[in-house]
Amino acid sequence: MIDRSKHFLRLNDWSEERILETVKIASQLKKEVHAGKVSDRLHGQNIGMFFEKPSLRTITTFQVGMNQLGGHAVLLAPDSIGLGKRESVKDVARCLSRWVNAIVVRCFKQDLVEQLAEFGSIPVVNALTDDYHPCQAIAFAQMIEENLGGMKGKTVAFIGDGNNVANSFLALASKVGMNFTLACPKGFEQPAKVVEEAQEGLKKHGCQYRVFHDPKEAVKDADILYSDVWVSMGQEGEKATKQSHFLPFQINDELLKLAPSHCKVSHCLPAHRGEEITDSVMDNLDVNMSFEEAENRLHAHKAVLWQVMEASK
C-alpha cells in the first residue's frame, strides 16, 4: 500500500491546506531569488531524474532548483537504465532508494510512477505522465495567487483537449474552490473517473464544472483562458485527425474579445503557434502570462521537493 501523502503522484493525493502551503512556499522562494538570496534547505541531498519524454522547462527547473536549495540532481537516461526491460522497476526503485533522497519522473504511463512509489522507500514526484501533470498545476496556482488576487471563485476556461494538464487543473479547482470549464470537441472530454473525483470538492466549495463544445460559450465568464498542444507527446500519429477536430478551438484575438475585459491567457508550453494559440496572443505580454507561469515552474518544483523531502526525513 502506497502512503500517498509521502509522494506527489497526483494533486488529488494532497489536501487543500498542503497545496496552499506549497504555493506559499513557492512564492517565498521566488521572492528570495529575486532578492539575490537562495536557501540551502536541501543541502547535501540528491534527486534522481528519470525522463522518458523530452523537456525544456521541467528538466531545467528541477536541476536549477536543486542547485538553489543546496542539493544536486542526477539525470537518469532511459536508454541506459532500460527501466522495466533491462531491469525490473522494483529493483531500480530499491537501488535508487539507497543512493538518492527522491525520484522525479517524467514518463508516459502513470503506472510507472505508482510502481516506483510502491517499491521504493523515498518520495516520488510526478513531473508529468499521460494522465496527470500536478507540478504544472502548482505553478499555475502560484501564478493565479500572485497575479489575479487569489484562486477562490476564479473561473478557468481550458480550451482544447481534456488531457493530463486539464485533469490536474480540474483537481486543483476542486481542492481550492475555482470554477473549471472545458471547451473541447465532442469525444475529447476528460475521463469520467477524473470528473467523478472532483465532484465532492467542487460541491464543498460551491463551484462549477462545465463542458462546452463551443469555445465561444466557454469564455464568457472566464478569468483566464488556458491552452495546451492539441497533440501530446506520444500521440503524433493522431495529428491529422486531431487538427481537423480542434481547428475551432484556438485561442486568438477574436475569442479573447468574447471574454471579460480583465481575462488573461496562459499556456503550459511548448506552444504550437498558429495551432492552439496565435502569435498575436502569445506575444501580447499584457494578456499572456505563460512566461510568468514558466518562471514559476522553478519555484513550484522547489516547493514540492521541499515538502516531500523534508517530510521524509
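1. Axes here are lines fitted to C-alpha atoms, for helices over the stretch in contact, and angles run from 0 to 180 degrees between N-to-C directions; helices (H or I, at least four residues) and strands (E, at least two) are DSSP runs numbered from the N terminus. The model is a predicted one, in which local features need pLDDT of at least 70 and side-chain atom pairs count only at pLDDT 80 or more, while totals for chains, interfaces and linings use all residues. Residues are numbered from 1 along each chain as its sequence is written, and side-chain values use heavy atoms, with hydrogens and water left out.

2. Helix 2 (residues 57-68) packs against helix 13 (residues 290-311) at an angle of about 55°, the axes lying 8 Å apart. Helix 2 is therefore oblique to helix 13 (under 35 degrees is roughly parallel, over 145 roughly antiparallel, 65 to 115 roughly perpendicular, and the rest oblique). Contact, meaning heavy atoms within 4.5 Å, involves residues including Phe62 and Met66 of helix 2 and Leu298 and Leu305 of helix 13.

3. The whole structure holds 11 aromatic pairs, where rings of Phe, Tyr and Trp (its six-membered ring) pair if their centres lie within 6.5 Å, planes under 30 degrees apart being stacked, over 60 edge-to-face and the rest tilted. The rings of phenylalanine 158 and phenylalanine 180 have centres 6.3 Å apart and planes at 35°, so this pair is tilted. Phenylalanine 158 belongs to strand 5 (residues 155-159) and phenylalanine 180 to strand 6 (residues 179-183), 22 residues apart, so that the pair links distant parts of the chain.

4. Phenylalanine 158 is buried at a relative accessible area of 1%, and phenylalanine 180 is likewise buried at 1% (buried is under 20% relative accessible area, exposed over 50%, partly exposed in between, with a 1.4 Å probe and protein chains only).
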